Amino acid sequence: METSRNFIIKDVELNWARLDKPVAPFGTDQYELQIATTDKATASDWSKNHLNVKEKDGKFVVSLKRKAKRANGDDNGAPRVVNKDKSPYDFTKQGLIGNGSTGNVIVYQYPYEVMGNKGIGASLTAVQIVNHVELSNSVDFDVVGGSEESSSIEDSVDLF
């Protein structure tokens, strides 16, 4: 690939979407999304189009990101997120995007050369939500019967 381009990836599973506000897992604010497929031919096509495909839990996945700030410190903006009718997605009304949602993705790809290393970079540009699964944070513990006594680590380990 010699020139920059927008690459459209259609009909993908959307996972681990962090598109409403940036996160900083390694110290740099960024937006994140993982796309997945179970189709080997689709995964092969992604690889041929310069995406870093990994196999995980019977699926082929690609992690995409968009830095929140440009190299000069200016705001880079969030990826554009739309519904299937291309209307803007409203996180406050529609909720966060849960694993297993499906949609289409646009990635901006560009050739780079940094300190003698050449490659193809990718920046998440837009996401279209076709089938929305709302993120649910309702996981909780079950009620457990039995003794109400608690033990501490000091009860079971000789510290000295």
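1. A pocket is an open set of points, on a 1 Å grid over the protein atoms alone, where a 1.4 Å probe fits and protein lies on both sides within 12 Å along at least five of seven lines. Lining residues have an atom within 4 Å of a point. Grid points are joined across faces, edges and corners, and a volume is the space filled by probe spheres set on the points. Rolling a probe the size of a water molecule over the atoms shows where empty space is left.

2. This is a predicted model: local features need pLDDT of at least 70, side-chain atom pairs count only at pLDDT 80 or more, and totals for chains, interfaces and linings use all residues. Residues are numbered from 1 along each chain as its sequence is written, and side-chain values use heavy atoms, with hydrogens and water left out.

3. Start with the overall plan. The protein chain has three helices and seven strands. Helices (H or I, at least four residues) and strands (E, at least two) are DSSP runs, numbered from the N terminus. Along the sequence the pattern reads β-β-α-β-β-β-α-β-β-α. Of the 160 residues in the protein chain, 29% are buried. Buried means under 20% relative accessible area, exposed means over 50%, and partly exposed is in between (1.4 Å probe, protein chains only).

4. Seven strands form an open sheet in the order 3-4-2-1-6-7-5, with mixed pairing. Strand 3 and strand 5 are the edge strands, as each pairs on one side only. The twist averages 45 degrees from one strand to the next. Here axes are lines fitted to C-alpha atoms, for helices over the stretch in contact, and angles run from 0 to 180 degrees between N-to-C directions. Two strands pair if DSSP finds at least two bridges between them. Strands of a sheet pair through backbone hydrogen bonds, either parallel or antiparallel.

5. Look at strand 6. Which way does strand 6 pair with strand 1, parallel or antiparallel? The two are antiparallel, with eight bridges. Leu14 has Ser101 of strand 6 as its bridge partner. Glu113 is bridged to Lys118 in strand 7. Strand 6 and strand 7 form a hairpin with two residues between them. In that turn, Met115 has a positive phi of about 50 degrees.

6. Two further residues deserve a look for their phi. Most residues other than glycine have a negative phi, and most peptide bonds are trans. Trp16 is not a glycine, yet its phi is positive, about 50 degrees. Trp16 sits in strand 1 and is partly exposed, at 49% relative accessible area. His50 is not a glycine either, and its phi is positive, about 70 degrees. His50 lies in the loop between helix 1 (40-48) and strand 3. His50 is partly exposed, at 34% relative accessibility.

7. Now the largest pocket. Its space comes to about 1100 Å³. The lining has 34 residues, and the closest to the centre are Leu64, Lys65, Arg66, Ala122 and Ser123. Elements that give two or more residues to this lining include strand 1 (5-23), strand 2 (30-37) and strand 6 (101-114). Which strand gives the most to the lining of the largest pocket? Strand 4 does, with seven residues. By class, the lining has 15 nonpolar, 10 polar and nine charged residues. Ala, Val, Leu, Ile, Met, Phe, Trp, Tyr, Cys and Pro count as nonpolar, Asp, Glu, Lys and Arg as charged, and the others, Gly among them, as polar.

8. The second largest pocket has a volume of about 150 Å³. Among its lining residues are Ile8, Arg80, Lys86 and Gln128. Strand 5 (80-83), strand 6 and strand 7 each supply at least two residues. The lining divides into six nonpolar, two polar and two charged residues.

9. Finally, the rings. There are two aromatic pairs. Rings of Phe, Tyr and Trp (its six-membered ring) pair if their centres lie within 6.5 Å; planes under 30 degrees apart count as stacked, over 60 as edge-to-face and the rest as tilted. Tyr89 and Phe91 have ring centres 4.9 Å apart and planes at 70 degrees, so this pair is edge-to-face. Tyr108 and Tyr110 are stacked, 5.9 Å centre to centre with 25 degrees between the planes. Tyr89 is buried, at 7% relative accessible area. Tyr108 is partly exposed at 33%, and Tyr110 is partly exposed at 30%.
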